[in-house]
Amino acid sequence: MATQVGTATQPRAPLSRRRVLSAAVALADEGGVDALSMRRIAQALGVVPMALYKHVANKNELLDGMIDVLVGEIDPPADDADWKTAVRLRVLSARRMLLRHPWAPEVIESRMKARSAPTPALMAYLDSMIGIFRAGGFSLDLVHHAMHVMGSRLLGFSQELFEDGSDREPDPDALPPEEMAARYPHITELAMAVAHDEESVVGSGCDDQFEFEFALDLTLDGLERLQRTI
């Protein structure tokens, strides 16, 4: 009598925040972020939609988490590189990330406007980039203007990231100042310097018109330098 051999069923990986966010990113890559829904994510993961809410409270938290997943794809700073090389390599890595996820700029821009502070992974990334400039010998006020010039190029696209947030509602989940300083020391140092009424060596801080003209003049100076070498 023939014996039927049963096939062992592979256990399903437990649901986690990371799995939820990864599935959301994959679905956004396929159909765009506008087509993203809890129902579609649950379907892709083989769970009921309510199971997702143990890991992401709402759509905004989902989008914030997706941003952090993408930032995690950016290469870490290059070892033993000068500041210019280190910044360039990371920005180009961010550009490659963005090309893999063409929906990302819209989400990053919208969430940056809605939040009083960037997401944790984005904060860590920006803190690291400020640290590269500081280690390269940049003064705090020059770092401030450099970050305005770089804007969203730090994330592989062109859009101002550092808008005045004075008209935003306070973030109830904001870190206490001591924890903020410990976790993001370079951002804290820069924020404290900008907050004081000290005269900058290149001009006043956080003035939209000044920052626009500063970036324009810097670009034109660079083009002039290149033109002279041709």
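In our terms, buried is under 20% relative accessible area, exposed is over 50%, and partly exposed is in between, using a 1.4 Å probe and protein chains only.

Before going on, please keep in mind that this is a predicted model, where local features need pLDDT of at least 70, side-chain atom pairs count only at pLDDT 80 or more, and totals for chains, interfaces and linings use all residues. Residues are numbered from 1 along each chain as its sequence is written, and side-chain values use heavy atoms, with hydrogens and water left out.

Back to Leu216, which sits in helix H11, residues 208-229. Together with Leu220, Leu223 and Leu226, Leu216 makes a nonpolar patch on the surface, with about 360 Å² of accessible area.

Now the overall picture. The protein has 11 helices and 0 strands; helices (H or I, at least four residues) and strands (E, at least two) are DSSP runs, numbered from the N terminus. Of its 230 residues, 36% count as buried. Among contacts with a separation of 6 or more, residues 24 or more positions apart account for 68%; contact means heavy atoms within 4.5 Å.

Let's look inside, at helix H4, residues 59-71. Its 13 residues reach 19 Å from the first C-alpha to the last, close to the 18 Å expected at 1.5 Å a residue; that expected span is 1.5 Å times one less than the number of residues. Which residues of H4 are buried? They are Leu62, Leu63, Asp64, Gly65, Met66, Ile67, Val69, Leu70 and Val71. Their cover includes helices H1 (17-31), H2 (38-45), H5 (83-100), H6 (104-114) and H7.

Is Met123 buried or exposed? Met123 is buried, with a relative accessible area of 6%. Leaving aside neighbours within four places in sequence, Met123 is in contact with Pro118, Met180, Tyr184 and Ile187. Take Ile187: Met123 and Ile187 are 64 residues apart along the chain, and their C-alpha atoms are separated by 8.1 Å.

Technical notes
Patches are made of residues with over 30% relative accessible area and no salt bridge: like charges are joined within 9 Å, nonpolar side chains (Val, Leu, Ile, Met, Phe, Trp, Tyr) within 5 Å. Accessible areas come from the Shrake-Rupley method with a 1.4 Å probe; for residues, only the protein chains shown count as cover. A salt bridge is a side-chain nitrogen of Lys or Arg within 4 Å of a carboxyl oxygen of Asp or Glu.
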